[in-house]
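Good morning. I will go through one structure today, starting with confidence, then the ligands, then a few single residues. Please have the picture open.

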Amino acid sequence: MLEVNGINAYYGRAHILHDVSLGVGGGEVVALLGRNGSGKTTTLKTIMQIVPPETGSVHFDGEAITSLATYKVCRKGIGYVPEDRRIFSNLSVAKNLEAGRLPARAGLAEWTEDKLFKLFPNLRERRGNLGHQLSGGEQQMLSIARTLMGNPKLLLLDEPSEGIAPVIVEQMVRTIAELKTQGLSILLSEQNLHFARLVADRAYILETGSIKFAGTLQELESRPEVRDAFLAV
Amino acid sequence: MGFYFAQFLTGLASASALFLVASGLSIIFGVTRIVNFAHGSLYMVGAYLAYSVVNWLPHGVFGFWAAVVIAALAVGVLGAVVEFVLLRHLYRSPELFQLVATFGVVLVIQDAALAIWGPEDIVGPRAPGLDSVVRIFGEPIPEYDLALIVIGPTVLLAVWLVLNRTRWGTLVLAATQDREMAAALGINQTLLFTSVFFLGAFLAGLGGALQIPRETISLLMDLNVIAEAFVVVVIGGMGSVPGAFLAAAIIGELNAFGVLVFPQVTIVLAFLVMAVVLVLRPQGLLGRPEIHAHAPAHVREAPLQPFGHRQRLAVATVIVLLAALPMVAGDFTLVLATDILVFAVFAASLQFIMGTGGMVSFGHAAYFGLGAYGAALVVKHLGGGMVSGLVAAPLAAGLGALLFGWFCVRLSGVYLAMLTLAAAQIVWATAFQWQEVTGGDDGILGVWPPGWLADRTAYYYLALVVCCGAILALRRIVYAPFGYVLRGGRDAPLRMAAIGIDLRRHQWFAFVIAGVFAGIAGGIYVYSKGSVFPDELAIPRSVNGLIMVLFGGIQTILGPIVGALTFTVLEDQLSRLEYWRAILGAVILFVVLIAPQGIVGGLARLADAVTDRSMREAER
Ligand SMILES: Nc1ncnc2c1ncn2[C@@H]1O[C@H](COP(=O)(O)OP(=O)(O)O)[C@@H](O)[C@H]1O
Ligand SMILES: [Mg+2]
């Protein structure tokens, strides 16, 4: 479904991503692991073309999306949830959702506000609250819900477990499982191996902008030296 | 009592017009982050167009209001077109480029209006059915004023509903807050921005069209209204429509009552209020502090390199050539060359504050003009000679910069730029209105150098020595530890604070230095012209400085000199032509779009790109 092929990305002159290749299949949950600063966010941003890669290609559903405008990438069916949530803080919860709404996709059930409130019950009573009145966990949920309003086929989640309370993390695990059963593909970035183990089928490990490991989580379990070298556990 | 109430209503009526212009400006700024200098031009076009359409439609109530709406719609389309062909290419550029580009549009529209409607002021028609007065508490109030008082809040309500009750409004507010996130959610901002420009321009056009029964229509409307509209937007909070309304009401009333108390200083009052609001509440009365301040990509700075042998040789050669110029050039060329030297110093001081200091100034003419006036006043009122005049020039400018700088360094980005503009307008208004001291509009004449310097060649040598000395001194400052602190503060303010450097104090000092050098330029200038007028302090002079910096490239030391040379020669050549403003505007737009790094910067970037590519290829 998503194929990233040998991308190189720069910030100014700083070479951040070195020939990164990865893939996500239909209905799969894939974790992109790596320490702080290893290039996870940058990878997701290159997929969204927020940071267009200098070389290499990104294909989605067999179609090249490299050098498309970001909003077009989104409309192809890739939803992006940034690590800092980026809630529209002076808009209400309902309007945040409205801002993310895109037409339904053929053959897929359409997300509605009501369905999202079933998935994230905490948001329902916060419907009229402004974004900046929400707690960190609620903002994370709203950010995901807002992106789901665009009816994506693939969801990019940047560190969904970062900086939220343990109960909410558990809820997040259930949510990701639920989204998976609904047929959504997910690529999530994580520093937390424990969280990834609970939700992901496969994993990649990034270190200073290069892929150092690719395989299932079982394979990663069986190679503690890899884990110890590239992840802070 | 009745009189004051009437005055109050007059204030509200002018507030309505001001609100219409300012709300459009505010919406456009909120979403696109573009400080649109051309917004006043849209207002002016609205007035001219309404006048033409009124004459063309059958006379009557319907004809008048239809003309107002048609004119506003047409201006809306014009705004969308400007966005489409020009501004959308500049969303990621630094403020300087956007501002200068919109000023290019100002010049083009000026000449277009001149060509279409001619240079004469036009008295607009009265509004049919609203052309008499009603008595309130015995005072005559124009009916049309009452209509305006109703129209203002009505438009506020309509705009508020559009922004808060429609999907379009939700998307606009979302994009106002976080453009990058909006794009990631699939919002097509190109379309959104064009429609925002349409709405903003429509409101400006409406404001202009509604003004025609109250104000004569002239080619001065654009810059007259823009400064006041900026004030309103900043006081209200950029991006806030209710804020614009509140601020317009404050300014409207301030003008209405200020006229009674201090008839001389009404303009100054507005800017003073703005300065106070900015210092106390930098985001404006109803504005929100920015949460995701996505600064536009920094212009990449070439590493500063002290002069090597070759560069020293080149500088020496240029100076020798300049010294030899009088042997081949006539008086006319020497006058031009003197101007170029003066503006090279002016532009270099502006480049210093912007490039090295990282503080964008939209009002640098204040210090140039203070220098010129400082020297002229010494001659006029104290009977001083040229030496005391040339000492007074940097002193006056430095004192002005000391005062305004204290306020300005408390802000950053566009708000800082706005405050510098306000400061310049205060100085301009003072020079313009304080007839007894400054001569007002008539300026100060007879500021000539003493006999031994009266000769063009002799004065050219004086200018050459002073200006070259000034530029080399500025360069030294850039390379001194002080310059490094400033650049550090520009790029990483938090880090500077962490190592215990009082950045604000350094910036304040830099502000004063820039002022002093602009003052030196102003001093040399006034003795070469023999006179000074408020124009030296006005917006176009500030913008000219910005254009020179832009032509030269903001991050190069050599830039301002090349920029001053290019601009001064260009202006000299063009101003012989009939529609020279439009041509100059077109040249500016061309440079902004094609060579956004300026002439020197553009060449450097070209070299850079070549080495960059080979670096990356070597790496692979
Ligand atoms: N906007 C930026 N400009 C310059 N460098 C950046 C920028 N964003 C991130 N970087 C650098 O890119 C590298 C990768 O960062 P990032 O992709 O955010 O890593 P991660 O998400 O894995 O923590 C880091 O070294 C970081 O310092
Ligand atoms: Mg990250």
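**Confidence, ligands and a few residues**

Among the elements of chain A, the lowest mean pLDDT, 82, belongs to helix α10 (residues 224–230) of chain A, and the highest, 97, to strand β6 (residues 78–81) of chain A. For those new to the term, pLDDT is the predictor's confidence in each residue, from 0 to 100. Helices (H or I, at least four residues) and strands (E, at least two) are DSSP runs, numbered from the N terminus. For chain A the mean pLDDT is 93, and 99% of its residues reach 70 or more.

Some ground rules. This is a predicted model, in which local features need pLDDT of at least 70, side-chain atom pairs count only at pLDDT 80 or more, and totals for chains, interfaces and linings use all residues. Residues are numbered from 1 along each chain as its sequence is written, chains are lettered from A and ligands numbered from 1 in the order in which they are written, and side-chain values use heavy atoms, with hydrogens and water left out.

Now ligand 1. Which residues surround ligand 1? They are Y11(A), I16(A), R35(A), N36(A), G37(A), S38(A), G39(A), K40(A), T41(A) and T42(A). A residue is near a molecule if one of its heavy atoms lies within 4 Å of it. Helix α1 (residues 40–47) of chain A gives the largest share of this shell, three residues. Sorted by class, the shell has two nonpolar, six polar and two charged residues. Here Ala, Val, Leu, Ile, Met, Phe, Trp, Tyr, Cys and Pro count as nonpolar, Asp, Glu, Lys and Arg as charged, and the others, Gly among them, as polar.

For N36(A), a polar side-chain atom lies 3.2 Å from an oxygen atom of ligand 1. For K40(A), the distance from a polar side-chain atom to an oxygen atom of ligand 1 is 2.9 Å. For T42(A), an N or O atom in the side chain is 2.4 Å from an oxygen atom of ligand 1. On its own, ligand 1 has 560 Å² of accessible area, and the protein covers 58% of that. Accessible areas come from the Shrake-Rupley method with a 1.4 Å probe; for residues, only the protein chains shown count as cover.

Next, the metal. What coordinates the magnesium ion, ligand 2? The donors are T41(A), through OG1, and E83(A), through OE, at 2.0 to 2.7 Å. This pair links distant parts of the chain, 42 residues apart: T41(A) sits in helix α1 of chain A, and E83(A) in the loop between β6 and α3 (93–100) of chain A. Donors are N, O and S atoms within 2.8 Å of the metal (3.2 Å for Na, K and Ca); water is not among the atoms, so sites may look incomplete.

Are these two buried or exposed? T41(A) counts as buried because its relative accessibility is 17%. E83(A), at a relative accessible area of 26%, is partly exposed. The cut-offs are under 20% relative accessible area for buried, over 50% for exposed, and partly exposed in between (1.4 Å probe, protein chains only).

R85(A) is not a glycine, although its phi is positive, about 70 degrees. R85(A) is buried, with a relative accessible area of 11%. S67(A), also not a glycine, has a positive phi of about 70 degrees. S67(A) is in the loop between β5 (63–64) and α2 (70–76) of chain A, and is exposed, with a relative accessible area of 66%.

Last, chain B. S349(B) is in helix α13 (residues 331–356) of chain B, and counts as buried because its relative accessibility is 0%. A polar atom of the S349(B) side chain lies 2.7 Å from the backbone oxygen of F346(B).

E536(B) is in the loop between β4 (531–532) and α23 (539–552) of chain B, and is buried, at a relative accessible area of 8%. The side chains of E536(B) and R541(B) are joined by a polar contact of 2.5 Å. A polar contact is a pair of N or O atoms within 3.5 Å; within protein, one must be able to donate a hydrogen and the other to accept it, and residues adjacent in sequence count only if both atoms are side-chain atoms.

That is the end of my list.
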